[in-house]
Amino acid sequence: MLLLALDTATPAVTAALYDGSTVLAEAGGSDARRHAELLAPAVAEVLARAGASSSDLTDVAVGTGPGPFTGLRVGLVTARMTASALGLPLHGLSTLDVLAAQALEDGTVAPGSEFLVATDARRREVYWAAYRANGGSAVPQRLTGPDVDRPADVPRDGRPVVGRGAELYADSLGPALAPLDPSAAALARLVVRRLAAGDDLSDVEPRYLRRPDVHEAAGRKSVLG
């Protein structure tokens, strides 16, 4: 296996190569306005660092959000085009699920505990979901979500919150627990675990949860009296 994983659902643009047991390379950057400019060089970098080419890939995985329209679309389009051009299977996972798995891997959340994951949704809102860290499992159980709400309306109920959303709105959700941003390496590892468990990851539809920030005009104004 040589899996290329991508996520652009947040300002953090991330790409990684995974051979099924080891992350061979990971690269990326963070800029909410330059997803397209950052992703292609990141993909080229991980291939070069691993001494591989696109023809060596066996699978492609992508974070499906939720995320703002433009950024999320960059990763999804790139993943779909790569998988289609090379005739490879394409796998999708919620970016919030990836952050939850990272928190469990890093030991940020205790086995058996419940916690939330929150990312920036702009418009003074967050994307969020609730999870349980089941003891002995490296795959957190999603309890509710994903949803989009104002931070003050998220039903935290005293549970800790992982992710950048908690850092941005610490008065309602903080203090934020790490990781703050998703990692393509964690995405790759979670995809392989889920596939090994027999899960169907063929749904790669974007999770926007709301309409794009920019809308097409409903019609033209008449300039005639």
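Visitor: Leaving aside neighbours within four places in sequence, which residues is Leu 4 in contact with?

Guide: Happy to start there, keeping in mind that this is a predicted model. Setting aside residues within four places in sequence, the contacts of Leu 4 are Ala 16, Leu 17, Val 43, Val 46, Leu 57, Asp 59, Val 60, Ala 61 and Thr 82.

Visitor: Which residues touch the most other members of the largest nonpolar core?

Guide: That core holds 27 residues. The ones touching the most other members are Leu 4, Leu 6, Leu 17, Val 43, Leu 57 and Leu 90.

Visitor: And which element gives the most to this core?

Guide: Elements that supply two or more residues include the strands β1 (3-7) and β2 (12-18) and the helices α1 (35-50) and α2 (69-86). The top contribution is six residues, and it comes from α1.

Visitor: At what angle do α1 and α2 pack?

Guide: Their contact involves His 35, Ala 36 and Leu 39 on α1, with Gly 71, Val 74, Gly 75 and Thr 78 on α2. These residues divide into three nonpolar, four polar and no charged. The crossing is right-handed. The axes lie 9 Å apart, at an angle of about 35 degrees.

Visitor: Is Ala 184 buried or exposed?

Guide: Ala 184 belongs to helix α5 (residues 184-196). Not counting residues up to four places away in sequence, Ala 184 touches Ala 5, Thr 14, Ala 15, Ala 16 and Glu 26. The cut-off for burial is under 20% relative accessible area. Because its relative accessibility is 0%, Ala 184 counts as buried.

Visitor: What separates the C-alpha atoms of Ala 184 and Leu 4?

Guide: Along the chain, Ala 184 and Leu 4 are 180 residues apart. Their C-alpha separation is 8.6 Å.

Terms used. Residues numbered from 1 in each chain as written. Predicted model: local features only at pLDDT ≥ 70, side-chain atom pairs only at ≥ 80, totals over all residues. Heavy atoms only, no water. Helix = DSSP H or I, 4+ residues; strand = E, 2+ residues; numbered from the N terminus. Buried < 20%, exposed > 50% of the residue type's maximum accessible area, 1.4 Å probe, protein only. Contact = heavy atoms within 4.5 Å. Core = buried A, V, L, I, M, F, W, Y, C linked by side-chain atoms within 4.5 Å. Axes fitted to C-alpha atoms, helices over the stretch in contact; angles between N-to-C directions. Left-handed = near helix turned anticlockwise from the far one by under 90°. Nonpolar A, V, L, I, M, F, W, Y, C, P; charged D, E, K, R; others polar.
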